[in-house]
Amino acid sequence: MKVFGVDIGGSGIKGAPVDLERGELAEERYKVLTPHPATPEAVADGVKEVVDHFGWSGPVGATFPGVVTGGTTRTAANVDKGWIGRDAAAMLTERLCGESGGSPVTLLNDADAAGLAELRFGAGRGRTGTVIVLTFGTGIGSAVFTDGRLVPNSELGHLELHGHDAEKRASTKAKEDEELNWQHWAHRVQKYLAHVEMLFSPELFVIGGGVSRKAEKFLPLIEGISAEIVPAQLQNNAGIVGAAMAAYAARAGEPPAVDGSAAAVPGRASASAGPADRALRSAVDSPVGWPDAGR
């Protein structure tokens, strides 16, 4: 079984069917540019284009670059302010399904989705203590985990650093806009990580987003951080995978089990279930806390 994931970002909207047994994209992802202005209606059209590209009609999980509670988008730092207070999950469901019904859209914060994927399938797998996944792109997204449980909507990219929103100084967009070389940008990232480390004392930083593909250019330049720093293994696909995880778990009716216990998820596959279904539930019911997603 496959589940569809869409990652809505400040610069692009990308998605693909996801094989949740392996935590990998089942097909090459399809991407469209995020419209400007990035109004809810315009972005919904982009999401529909991505989903329609694959002829998909099943469950869809989607990420959003801001705070999401109960399917409602509460902030909009890098998209149009019309998202604030919008029941975005319902809006996207209506745009994708129309009057024909279909599966509702599950919506969650983009960095939370990436973090869920990295802790289940990637660089954070099997790690305990405090783990912070940071996604560098148009802004800086964050997912904070303590012993596998997610603290949703942390939005650490908006910490104040030297009088500025941190993401305005240390995001990938800031690097590109100011034409910073790797050493200069790594110095800014180092200051940001030091600030986050002072506040949370994590054991591990996982650095994600598109820039994780070039980790060798900047991670060796970062010094003075006590926590281990590693690049994301799923790189820029983590949000898509995490969105698909959320959609599957929402369809099952309950969050993934934190401790992996069968009792935690009513309707979980039994011994009589097919091997594919048992394997998929095993993949999703990971020791990872559930975000405040909505559908």
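This is a predicted model: local features need pLDDT of at least 70, side-chain atom pairs count only at pLDDT 80 or more; totals for chains, interfaces and linings use all residues.
Residues are numbered from 1 along each chain as its sequence is written, and side-chain values use heavy atoms, with hydrogens and water left out.

**View 1. The whole chain.** The chain holds 9 helices and 16 strands. These are DSSP runs numbered from the N terminus: helices are H or I with at least four residues, strands are E with at least two. Of the 295 residues, 54% count as buried. Buried means under 20% relative accessible area, exposed means over 50%, and partly exposed lies in between (1.4 Å probe, protein chains only). The chain exposes about 12300 Å², and carbon and sulfur atoms supply 47% of that area. Accessible areas come from the Shrake-Rupley method with a 1.4 Å probe; for residues, only the protein chains shown count as cover. Take the contacts between residues at least 6 apart in sequence: 66% of them join residues at least 24 apart. Contact means heavy atoms within 4.5 Å.

**View 2. Thr 73 and its surroundings.** Thr 73 belongs to strand 7, residues 72-73. Its relative accessible area is 0%, so Thr 73 is buried. Neighbours within four places in sequence are left aside here. Beyond them, Thr 73 contacts Phe 64, Val 67, Val 68, Trp 83, Ile 84, Gly 85, Arg 86, Ala 88 and Leu 107.

View 3. Glu 41 is in helix 1, residues 40-53. Glu 41 is partly exposed, at 42% relative accessibility. Asp 45 forms a salt bridge with Arg 95, with 2.7 Å between the closest N and O atoms. Arg 95 lies in helix 2 (residues 88-97) and Asp 45 in helix 1, so this pair ties together parts that are 50 residues apart in sequence. A salt bridge is a side-chain nitrogen of Lys or Arg within 4 Å of a carboxyl oxygen of Asp or Glu. Both partners are partly exposed: Arg 95 at 33% and Asp 45 at 38%. By this rule, the count is 9 salt bridges.

View 4. Glu 178 pairs with Arg 188 in a salt bridge, the closest N and O atoms being 2.9 Å apart. Glu 178 lies in the loop between helix 5 (172-177) and helix 6, and Arg 188 in helix 6, so the pair ties together parts that are 10 residues apart in sequence. Glu 178 is partly exposed at 38%. Glu 179 is exposed, at 72% relative accessibility.

**View 5. Arg 22 and Glu 24.** The closest N and O atoms of this salt bridge are 3.2 Å apart. Arg 22 is partly exposed at 49%, and Glu 24 is partly exposed at 41%.

**View 6. Two surface patches.** Met 198, Leu 199 and Phe 200 make a nonpolar patch of about 290 Å². Patches are made of residues with over 30% relative accessible area and no salt bridge; like charges are joined within 9 Å, and nonpolar side chains (Val, Leu, Ile, Met, Phe, Trp, Tyr) within 5 Å. Met 198 lies in helix 6, residues 182-200, and is exposed at 55%. Lys 31, Arg 213, Lys 214 and Lys 217 form a positive patch. Lys and Arg count as positive and Asp and Glu as negative, while His and the chain ends are not counted. The place of a charge is taken as NZ of Lys, CZ of Arg, CG of Asp or CD of Glu. Arg 213 lies in the loop between strand 15 (204-208) and helix 7 (215-218).

**View 7. A cis peptide bond.** His 36 and Pro 37 are joined by a cis peptide bond, with omega about 5°. Pro 37 is in the loop between strand 4 (30-33) and helix 1.
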